[in-house]
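Biologist: Could you walk me through the aromatic rings here, one question at a time?

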Amino acid sequence: MHVSLKTLGCRLNEAELETWAQAFQNAGHHITRDIEQAQLVIINSCAVTQDAARKSRHLIRRIHRDNPHAKLVVSGCYATLNEQEASALLGVDLVISNRDKNQLVETTLAQLNMAVMPQLSTDPGEISLFTRGRQRAFVKVQDGCRYRCTFCIVTVARGEEISRPIPLIVDEINALHQQGIDEVILTGVHLGGYGSEINTQLTELIQVILKETSIQRLRLGSLEPWELSDEFYTLFENPRLLPHLHLPLQSGSDAVLRRMARRCKTAEFASMVTRLRAISPQFNITTDIIVGFPGETQQEWQESYDFVQQMGFGHVHIFSYSPRAGTKAASLPNPVPEAIKKQRSRQLHDLASVMKQQFCQSQLGQTLPVLWEAYTEAYQDQRLTFGYTPNYLRVACVTAPDECLANHISYACLSKVTENYILTERLSLSQQ
Ligand code: SF4
């Protein structure tokens, strides 16, 4: 049977999709990107904003229109929070809530009567990550969150914290490495809380992965900026743990952070950033900011803007606040008018792009190992191949039309910042 998998939303959803793709393959099925060829389509939906929920509904409808004969299974946050609505959408055969998604493959095959005998071996060319065009893999290490940030629907949708045991994670990374993957990203809803209920912690997980796997590049997904031990910082002395952290700040105003019930205030955040930059000036720190949180005054907004500027982030994900039913923030007084939210968002986008350019400029002249990807673009009468540095800068190099660098790591010198990437000069093997 041909199975197609689609996702919307966070990296965690991506990680789950990859796990399911592997499981379908292990059960003898083929993964395809072509919806029209699929007999079964799995959609991992999202509901982080009203817009994400709308896009999830739209995707379900579109897939059913493109291939009305395929069985359709919907999981993820939109399907969990709106189970009845999702089941009633045309073409949906099965809704699997987040609670039950660990058994998604088994449940689907059993309930839709689609189980087939597993094949003894699978064709290496069909490894799901590559058929889905990926050069790096996401490994989900935990789910759920014990905190209750007032804007966050995720805790309602995902429930209590559950961590996967270290040996299972190590086995998964070793298997991915054997399939030719050189970089994995550890993800979780509350990654920093990893291990809290199984008597371990994130630091130990990383130490064991670095020791018991030989994966060349280990990256951390979004990490709440608290609960990080002194030992955590020392882990970055190992260059295999890549110098990039996405630390969601959410606001640079302490008063707003208090209303959001965040566990980290600006002074603590600033000292984390100082510590990380002391490890390496190449350390790339990226963040999320919500603009227009209820009651955000002009003064709070200005404080937030100034603090963000002071941090010099390499990238900022900007969200305009939108209330989500079921969260505490949805009932907070003094909503910020849409026009002001828009204006603040525009102002922050401008600042974010200046900071990004400045960070990129500061990295020129560095020679770094780049993991190249399959994506290419025409460039004058040659081609550009794209890839990422350890600190997650998107770079490009000129390649000959018949040259394929995909999934290779080689050294390149960062030479010129353009709007969307940094142009590099590749070093010859003798220079590396
Ligand atoms: S820590 Fe993160 S996942 Fe947990 S409630 Fe806050 S924003 Fe949501």
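Biologist: How many aromatic pairs does the structure hold?

Modeller: Keep in mind that this is a predicted model. Rings count as a pair if their centres lie within 6.5 Å. The number of aromatic pairs in the structure is 10.

Biologist: Let's take Phe-269 and Phe-307: is their pair stacked, tilted or edge-to-face?

Modeller: The ring centres of Phe-269 and Phe-307 are 6.3 Å apart, and the angle between the planes is 70°. Planes over 60 degrees apart have their own name. The pair is therefore edge-to-face.

Biologist: How many residues apart are Phe-269 and Phe-307?

Modeller: Phe-269 belongs to helix H12, residues 266–279, while Phe-307 belongs to helix H13, residues 298–311. The pair links distant parts of the chain, and the separation is 38 residues.

Biologist: Is Phe-269 buried or exposed?

Modeller: The relative accessibility of Phe-269 is 0%. Buried means under 20%, so Phe-269 counts as buried.

Biologist: Which parts of the structure does the pair of Phe-269 and Phe-313 tie together?

Modeller: These two rings also pair edge-to-face, because their centres are 5.9 Å apart and their planes are at 65°. The two residues are 44 apart in sequence. Phe-313 is buried, at 0% relative accessible area. The parts tied together are helix H12 and the loop between H13 and strand E12.

Biologist: Which charged residue sits over the ring of Tyr-233?

Modeller: Tyr-233 forms one aromatic cluster with Phe-232, Phe-236 and Phe-283. A charged end lies 4.0 Å from the centre of the Tyr-233 ring, and that end belongs to Arg-275.

Key:
Residues are numbered from 1 along each chain as its sequence is written. This is a predicted model: local features need pLDDT of at least 70, side-chain atom pairs count only at pLDDT 80 or more; totals for chains, interfaces and linings use all residues. Side-chain values use heavy atoms; hydrogens and water are left out. Rings of Phe, Tyr and Trp (its six-membered ring) pair if their centres lie within 6.5 Å; planes under 30 degrees apart count as stacked, over 60 as edge-to-face and the rest as tilted. Helices (H or I, at least four residues) and strands (E, at least two) are DSSP runs, numbered from the N terminus. Buried means under 20% relative accessible area, exposed over 50%, partly exposed in between (1.4 Å probe, protein chains only). A charge sits over a ring if NZ of Lys or CZ of Arg is within 6 Å of the ring centre and within 35 degrees of the ring normal.
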